Amino acid sequence: MIEVLYFAWVRERIGVPRERIETEAATVMDLINELKLREERYAWAFDDLTSLRVAVDQELSGFDAALAGVREIAFFPPMTGG
Amino acid sequence: MRVIVQAEPFDLGALSNAFAADAGGAGAVVTFTGLVRDNGGALAAMEIEHYPGMTEKAITAIVEEARSRWALLDALVVHRYGRLAGGEAIMMVATAARHRAEAFAAAEFLMDYLKSRAPFWKKELTSDGAEWVAAREVDEAALKRW
């Protein structure tokens, strides 16, 4: 089980701020592809990866990051702080 | 060094005065304050979302990076989240150093990185509806100068 968080328009498209997901996915990309097949709302949220960022255990990561031992993943658009 | 992430307004004067008073040995204190632009009255409010837990860690890492590049005596970052009105202060940074060049450079570095590496997302609410603020390429490009 992995805790998956969504922020900003990614959260709005998926419809929940966080959820626990049962997955065997080896990498972030594998998880994205798995979710896109599960339901249309994931396909919509993950449609354009160039406008998506990912944090693995609260560290910015690449889509190729491995999920073994990972507790928390977050998906969000490019950040707009400041 | 202090990182404050809060919904409540902050007292710019009190924080600036306390920061300067505590910056022992400093010859320069630079403060920057970011305000919500009201776009000529078109903005009803701005909603700022963040990633509790990661936000504090990401900002702390940015401040540590600044401290490794410049001889800072102290640094402060305050960033708000939640619903803000036009003209309200969103965030501030303060840096203290022996000389102004370091304090200015570090403050700019902190601002550039907070823009695109701290997990905040802004949504503008206007009479036309609500829209997420898109990240600007110029902000991402600004990181390359460091």
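In this predicted model, Val54(A) stands opposite Ser61(A), a residue of strand 4 of chain A. Strand 4 is joined to strand 3 of chain A by 3 bridges, and the two strands run antiparallel. They belong to an open sheet of 5 strands in chain A, ordered 2-1-5-3-4, with mixed pairing. Strand 2 (18-21) and strand 4 stand at the edges of this sheet; each has a single partner strand, so one side of each is left without a neighbour in the sheet. From one strand to the next, the twist averages 30 degrees.

The loop between strand 3 (53-56) and strand 4 (59-61) of chain A contains Gln58(A). Phi of Gln58(A) is near 70 degrees, which is a positive value in a residue other than glycine. Is Gln58(A) buried or exposed? A residue counts as buried if 20 or more other C-beta atoms lie within 10 Å of its own. Gln58(A) has 20 such atoms within 10 Å, so it is buried.

A positive phi also occurs at Ala8(A), where the value is about 55 degrees although the residue is not a glycine. Ala8(A) is placed in helix 1 (residues 8-14) of chain A. Ala8(A) counts as buried because it has 24 C-beta neighbours inside 10 Å.

Helix 2 (residues 28-38) of chain A holds Asn33(A). This residue has 13 other C-beta atoms within 10 Å and is therefore partly exposed. Asn33(A) and Gly15(A) are 18 residues apart along the chain, and their C-alpha atoms are separated by 18 Å.

Chain B has 4 helices and 8 strands. Read from the N terminus, its elements follow the order β-α-β-β-α-β-β-β-α-β-β-α. How compact is chain B as a globular protein of that length? Its radius of gyration is 16 Å, close to the 15 Å that the globule rule gives for 146 residues, so chain B is as compact as a globular protein of that length. Taken along the principal axes, the box filled by its C-alpha atoms is roughly 50 × 35 × 30 Å. Among the 146 residues of chain B, 34% count as buried. Of the contacts in chain B with a separation of 6 or more, 77% are between residues 24 or more positions apart.

The two chains meet where 21 residues of chain B are in contact with 13 residues of chain A. On the chain B side, helix 2 (54-69), helix 3 (100-117) and strand 7 (120-126) each supply at least two residues. Helix 3 of chain B gives the most to this side, with 5 residues. By class, the side of chain B that touches chain A consists of 12 nonpolar, 4 polar and 5 charged residues.

The interior can be followed next. In soluble globular proteins, nonpolar side chains tend to be buried together. In this model the largest nonpolar core has 55 residues. Phe7(A), Ile62(B), Val77(B), Ala106(B) and Leu110(B) are those with the most contacts inside the core. Which residues is Ala106(B) in contact with, leaving aside its neighbours within four places in sequence? They are Ala66(B), Trp70(B), Leu72(B), Ala75(B), Thr95(B) and Ala97(B).

Technical notes
Residues are numbered from 1 along each chain as its sequence is written. Chains are lettered from A and ligands numbered from 1 in the order in which they are written. This is a predicted model: local features need pLDDT of at least 70, side-chain atom pairs count only at pLDDT 80 or more; totals for chains, interfaces and linings use all residues. Two residues are in contact if their C-beta atoms, placed from the backbone, lie within 7 Å. Ala, Val, Leu, Ile, Met, Phe, Trp, Tyr, Cys and Pro count as nonpolar, Asp, Glu, Lys and Arg as charged, and the others, Gly among them, as polar. A nonpolar core is a set of buried Ala, Val, Leu, Ile, Met, Phe, Trp, Tyr and Cys residues joined through C-beta atoms within 7 Å. A residue is buried if 20 or more other C-beta atoms lie within 10 Å of its own, exposed if 12 or fewer, and partly exposed in between; C-beta atoms are placed from the backbone. The radius of gyration is taken over C-alpha atoms; the globule rule is 2.2 Å times the number of residues to the power 0.38. Two strands pair if DSSP finds at least two bridges between them. Axes are lines fitted to C-alpha atoms, for helices over the stretch in contact, and angles run from 0 to 180 degrees between N-to-C directions.
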